Amino acid sequence: MSRSKQILLRVQSAEGTKRVEVQPSDTVSQLFEKIYDVFELQSFGFGLYKQRNQKEEIVSTRSKTVQGVGLKHGDMLYLAPINGAVLWDTPSTSSASNDVSSEPMDVTPSTSKGSQGQQTTNNFLRPLSNVVEDEVDQQLWKLDGKIQRKRVDKFCRHGANGCCVHCSPLEPFDEAYLKEQNIKHMSFHSYLRKLTAGVDRGKFLQLEDISCRIKTGCKDHPPWPKGFCSKCQPNAITLNRQPYRHVDNVMFENAHLVERFLNYWRITGHQRIGYLYGRYEQHSDVPLGIRTVVAAIYEPPQESTRDSIVLLPDEKEALVDELAQSLNLKKVGWIFTDLIADDMKKGTVKHVRNIESHFLSAQECIMAGHIQNKLPNPCRFSPNGHFGSKAVTVCVTGDDKNQVHMEGYQVTYQCMALVRDGCLVPTKDAPELGYVIESTDKQYVPDVYYKEKDTYGNEVSRLARPLPVEYLLVDVPASTPLTPQFTFYANENITPFPVEHRLIDGQVQEFGSLCNYMQQFTPDQFLDAVSDFHLLIFFAFMDVLPLKNHMGPLLEAVRTQDRQKANEWSHSVHWATVEQLMSATSSAGPSSQNALFGNNSGSSSASNAGGIGVGAGSSDNTRGEWTCSHCTYLNLAELNTCEMCSLPRMPM
């Protein structure tokens, strides 16, 4: 059979028109390759179209021939880049300089400040010298981490100042010691010491996060989904047990902090979510360990039922983080309740989370991964400056004795990558199972496997569809100390200020709540009164008089517990305005209010008032309506507080 006659195709591009000779039996992929060679392109990031307006695209494929897609001798094709791909070299000086500056610099040595160390130390610190790690990490780097052992009379045959294999210090990652002390996971710094303990002293160590996405910019084929290769394709993932954890313990400063959070469930029976704010410190129970100390719980806007919680958009989140930073606190994780009442008389709850059901649901693991991705851990060994996260997840649920207790967790860095790249979703009817989605033309998802033992005891790989979530978890002990700590003031005899975003009777943050709360303190207790995280948030966002731009000295006084600074701020113009508003509010105990705010002109009629805003202003109720002196809203006569701004009715 004679060979098919060659046909000539014309291809028009932004750089001109050229002719390409092909066989009718050539595949479309071969046509793309010949066009690539004829035009001397830099990548395959182009498309071919039969019409000038980029209609009737010809897709690169090996299953169709040139004749099969309807191309004939003399046809005109139109070439156009895809997704802004660069197809030709641009000799422009400006663009060349931009390309150079966009690449990471990797040859600059460390500064003279760090040149005093050994050469190997400079090597691995060189490209990461600008990473600002957390203060606790900087402190731990100064420690050798060795586990000291005492002299053993039974084995040691040397003097008191000698040392042998039986009493020499152990490395912080020593497996025998960790097993003996029942330490399930080594600390992250012990893990780093293990990686840098070799001959090269960590010279070539790099901790890179897993990527589940197709790498962009490959010039050997059309961009995804039209093509990919082994260089841009992400590797398959096998889920392994993470040997370390970034945080080794979660400690709430006092039981009052947790009880205040649980009070919402006790009143409503609905579940609750809160963000944890605190600090990190060294944890002596684990070699080179880190402890999370929780000082406050912020409750974002949410809608909850007995079985579900839906978080709502929070416009205050960024400002709350700034306020916490001024108090030397940071967001360290999140907490949620999963409580079901068992016996109301005994105060017991059901034990629903155990080894036979689940510890965290797939949806909770995804939420934990989302929060950990938002709070990355600065790390000098990572090319992008961070690796993993110190953020923790605390679940308040029932234990095997049907008592309320806390369980702490972190998800692995593998789970963080799956959540970040949108590969992991929950299942509908099994909370203990997640599901790794399949690839589509919009998103490529690598294969994810986990290992388990079959009925014969052999270790086999399973595709993570579905995926048991225990492969994604690292448990972290959570507790309260025997000796309570108090960053913020707490007293059992004081009714605390209401928590934000609780829309239930008696727990709504409004100006009347501020008046009732402040009446419990004397003038010399001003610092104690304002040492409340929820009260400070209320000050910053008060509708009628936001104080967020004037709270710097007050936050400094609370952070340092400086009563003199707090008293100075209490005499400021801004607080004086708040005092004037509160002095107009009559309550059951005006004498204590007048003593606190320095107003001794309280009238006898106000002392008989039974509610906020009732008293001196009540004589105006004979009129049909009254205008609020603060926001000018027109209120009904029977109201003693403004319906719009909730401030009291000013006396005439």
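A pocket, in this tour, is an open set of grid points where a 1.4 Å probe fits, with protein on both sides within 12 Å along at least five of seven lines; a residue lines the pocket if it has an atom within 4 Å of a point. Keep in mind as you click along that this is a predicted model.

**First stop: the second largest pocket**

Select Tyr280, Leu329, Lys330, Lys331 and Leu375. Of the 31 residues that line the second largest pocket, these lie nearest its centre. The space in this pocket comes to about 830 Å³.

Next, colour the elements that give two or more residues to the lining: helix 4 (135-141), strand 10 (273-283), helix 8 (317-326), strand 14 (330-337), helix 9 (362-374) and strand 17 (376-378). Which element supplies the largest share of the lining? Strand 10 does, with five residues.

Now switch to colouring by residue class. You will find 13 nonpolar, seven polar and 11 charged residues in the lining of this pocket.

Together they make an open sheet, in the order 7-23-24, with mixed pairing.

Then zoom in on strand 7 and strand 23 (residues 448-453). These two run parallel and are joined by three bridges. To find a bridge in the viewer, pick Ile237: its partner in strand 23 is Val448.

Key: Residues numbered from 1 in each chain as written. Predicted model: local features only at pLDDT ≥ 70, side-chain atom pairs only at ≥ 80, totals over all residues. Heavy atoms only, no water. Pairing = 2+ DSSP bridges. Helix = DSSP H or I, 4+ residues; strand = E, 2+ residues; numbered from the N terminus. 1 Å grid on protein atoms, 1.4 Å probe; cavity = no way out; pocket = protein on both sides within 12 Å on 5 of 7 lines; lining within 4 Å. Points joined across faces, edges and corners; volume = space filled by probe spheres on them. Nonpolar A, V, L, I, M, F, W, Y, C, P; charged D, E, K, R; others polar.
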